[in-house]
Amino acid sequence: MFVAQGELLILIFITLLRQTVPVAAHKGIWRRVEAVSGREAVLPCEVGTSEASDMVYVVLWYRNGDKEPIYSFDNRPGRLQASEDRHTIKSDVLQGRVNFRPGLLPALHIKPVMTHDQANYTCRVDFRIASSRRTHLSLQVVVPPEEPVLRVGGQRVTDSVLGPLQEESPLAITCSVAGGVPPPSLIWMRHKQILDDLVESRSAALTVNQLSIGRLTRTFHNARLTCLAANNNVTTPVQASITVTMNLRPVVTKLEAHPKGLRVGRDYEITCTTAGSRPHPNITWTLGNIASVTPLPAHTEHGVNKSTSTVRITAARRHHGQRLTCTALNPLYPAYPLSDSILLNVTYPPIATIELGRGVTSVVKEGEDVYFNCNVDSNPPTYKISWYHKGVPIYHGPDKVVLLIGNNLALRAVTRHQAGPYVCSASNVEGDAHSSPLNLSVNYAPVCRDEDESHGTVESSAGPSKVYATGLGQYINVSCEVKASPTDVRYSWVFNNSVTSERLPGDQVFTTADGRSIVRFLARAHKDYGTLQCWAENAVGRMTTPCLFHVVPAGRPERPVGCAVVNKTYDSLAVGCTAGFDGGVEQTFLAKVFEAVTGRSQVNVSARWPNFTLEGLTPGLDYVIQVMARNSLGESPPVKLEAFTYKMAENRMRDEQVEEELRSSGAVAGALLASIIVVVVLLVVLALIARCIWTRRRLGGLGESNRRKGRGYAPPDKPGNISDDEDIQFEVPTISLEAHRDPITHIADQAL
């Protein structure tokens, strides 16, 4: 942009004032007049009169104090010359170039003015009345300078654009101007701001001003620097301009509207904006921490002065706590990257792992303390930690020496029952998680193991665990099995009864491949019956209580217990019992079914276990069931049960109809019977009333007769006499109701 004309003139005037040298005058005050070489010089002259009656007679122009005028103007009245003849030029140098114009602005015009016209001029005006007046002028003929020439690093700048230059680098531009009278002033300007007006060197041929900028800031990008050369206030200053372009570093890098929290598994787009770089920066994304950083692919778009880059992230657990960084770097400024970053907050469900406490191994002895730690990785933090043993929840119970504190589980004086897999679970708002099981092995001294074919295997802390029944002279094998950890066990047997207690010799004891100990026992006499004690020992210790086996004489089995009919249909009954003692000999079970009314046998069923399904029965009958146990030595007393089978569907419908009819007829008969009873009671009451009336009348007649006889009594023992203490019996006439019965009453009597 060029500097405005008015502003240039002001700058030139200021500059020229600095260069103005007062002109010496012989008389009066000299007035400076400038004119540009080749143009017109105007030298004003004061010709005004002080009185109205006065007038100008002669105007004379002198140069450099010469005695002879170089120009005259004769204005005396009465002369017969033409107006142009009144002007007289007496200088050959000015011939044809000078002219005095006495108009409103009287002045001597020199056109074209030459450099040799530069001199001191005096205008003398003679009046008719007033004294002469002089005007002293100093004509300065100015020669404009040539166009400025710009150089950078000694090389002439031919392009109007300089650069691109590096930010923070120095810049030196030399402006040189040839010619110019007087020597021109040189001013460096940026827009309307003066940057440098100091001329470093000046000669008759060349004037130089060097603009030096020690550190280019980004404000100089696209700035237009202008060198102005001026030596007068008439002509427009000459100038040369150059536009500076620069390579710039980014000034801002910012992550736009990034999410404050990320949920694991979801996709997110995060945008980074950078501005101020020239040329466009390289935008890179990284994710990680100080130890490891991973670059991320992104989509980048460049605008005029702004670049936008977007990265897509699928939130994962490993991203939590890592720093996502967007970096803008101008490759021309590798040492000046500009970044913005966020610390990712990824929420995810827990990850739980279980471990034993410090100094605790997965194999412990019974009675030791065990500590578990549940390590949880979750975000946000967990609100609940749960523990499980063999899938069963574990609860805090100081009385059970189980302590749950935070993420820790403590088992005081652990027992063999607490061996097995342990699992901890953690819960937060994102979900739940279970750890992999950690198996705890508890070594313990042997304990008895009782085997039961129907109920599986159970542990027993003390005997007796089994009763053996055998006859005299019969060998039996008594098997002892214990549970221990470690399983390497040594056995010993002791037999005792009320008479003796002795350790069994080794030739009677055998150890099987599966770890059991078997004693071959023989009772030769009744004194040989008693109790066998089985002792076991392993690396932990010896069992505290032996396994007990009672050897008793064999006999008949006990009868089953807890028998009950568990199901019934129209032709079958199901019976379930619990076996009693078998008497020492293997037993079986028998069920017999009899009709309850006739006693006829219906079904006989035998089984190894006391559970029966009795089929083929007659529907709708009552039955008696006998259940008993038997072995080779006899049978047990029977257990008796009563049951009935359901009726068939058509029989039930017929019976229900008959019962309904009987209930209806019974209701009618009941009403008739009640009516008959009421009638009979009324008749009996009437008969009693009649008897009382008749008796009273009779007694009244007898009294009257006695009074007539003088109140005499017959002997009490005389026949025919009636004592007062004797009961008087009357015969009440029998009333027959047969004649009064109606058919309905007769039916009711039959029904009853």
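Which residue in β7 is the bridge partner of F100? The partner is L108. The structure is a predicted model, in which local features need pLDDT of at least 70, side-chain atom pairs count only at pLDDT 80 or more, and totals for chains, interfaces and linings use all residues. Residues are numbered from 1 along each chain as its sequence is written, and side-chain values use heavy atoms, with hydrogens and water left out.

The protein contains 3 helices and 56 strands. These elements are DSSP runs numbered from the N terminus, with helices (H or I) of at least four residues and strands (E) of at least two. Of the 752 residues, 37% are buried. Buried means under 20% relative accessible area, exposed means over 50%, and partly exposed lies in between (1.4 Å probe, protein chains only). The accessible surface of the protein is about 44,100 Å². Carbon and sulfur atoms account for 53% of that surface. Areas come from the Shrake-Rupley method with a 1.4 Å probe, and for residues only the protein chains shown count as cover. Contacts (heavy atoms within 4.5 Å) were also counted. Among those between residues at least 6 apart in sequence, 64% join residues at least 24 apart.

Two strands count as paired if DSSP finds at least two bridges between them. Strands of a sheet pair through backbone hydrogen bonds, either parallel or antiparallel. β6 and β7 are part of an open sheet of 3 strands, in the order β2-β7-β6, with antiparallel pairing. Its edge strands are β2 (41-44) and β6 (98-101), each pairing on one side only. The twist averages 20° from one strand to the next. For such angles, axes are lines fitted to C-alpha atoms (for helices, over the stretch in contact), and values run from 0 to 180 degrees between N-to-C directions.

Strand β17 (residues 206-213) pairs with β13 (residues 171-178) over 8 bridges, in the antiparallel sense. Here A172 stands opposite S212 of β17. β17 also pairs antiparallel with β16 (residues 201-202), over 2 bridges. In that pairing S201 stands opposite V208. β16 and β17 form a hairpin with 3 residues between them.

A salt bridge requires a side-chain nitrogen of Lys or Arg within 4 Å of a carboxyl oxygen of Asp or Glu. By this rule there are 16 salt bridges. D126 and R124 form one of them, with the closest N and O atoms 3.0 Å apart. Both residues are buried. R449 and E481 form another, at 3.7 Å from N to O. This pair links distant parts of the chain, 32 residues apart: R449 lies in β38 (residues 438-452), E481 in the loop between β41 (475-480) and β42 (482-485). R449 counts as partly exposed because its relative accessibility is 26%. D514 bridges to R516 at 3.2 Å. D514 is exposed at 53%, whereas R516 is partly exposed at 23%. E168, R215 and R249 are linked in a salt-bridge network.

A nonpolar surface patch comprises I677, V679, V681, L683, V685, L686, I689 and I693. Together they have about 660 Å² of accessible area. Patches are made of residues with over 30% relative accessible area and no salt bridge; like charges are joined within 9 Å, nonpolar side chains (Val, Leu, Ile, Met, Phe, Trp, Tyr) within 5 Å. I693 lies in helix α2 (residues 649-709). At 43% relative accessibility, I693 is partly exposed.
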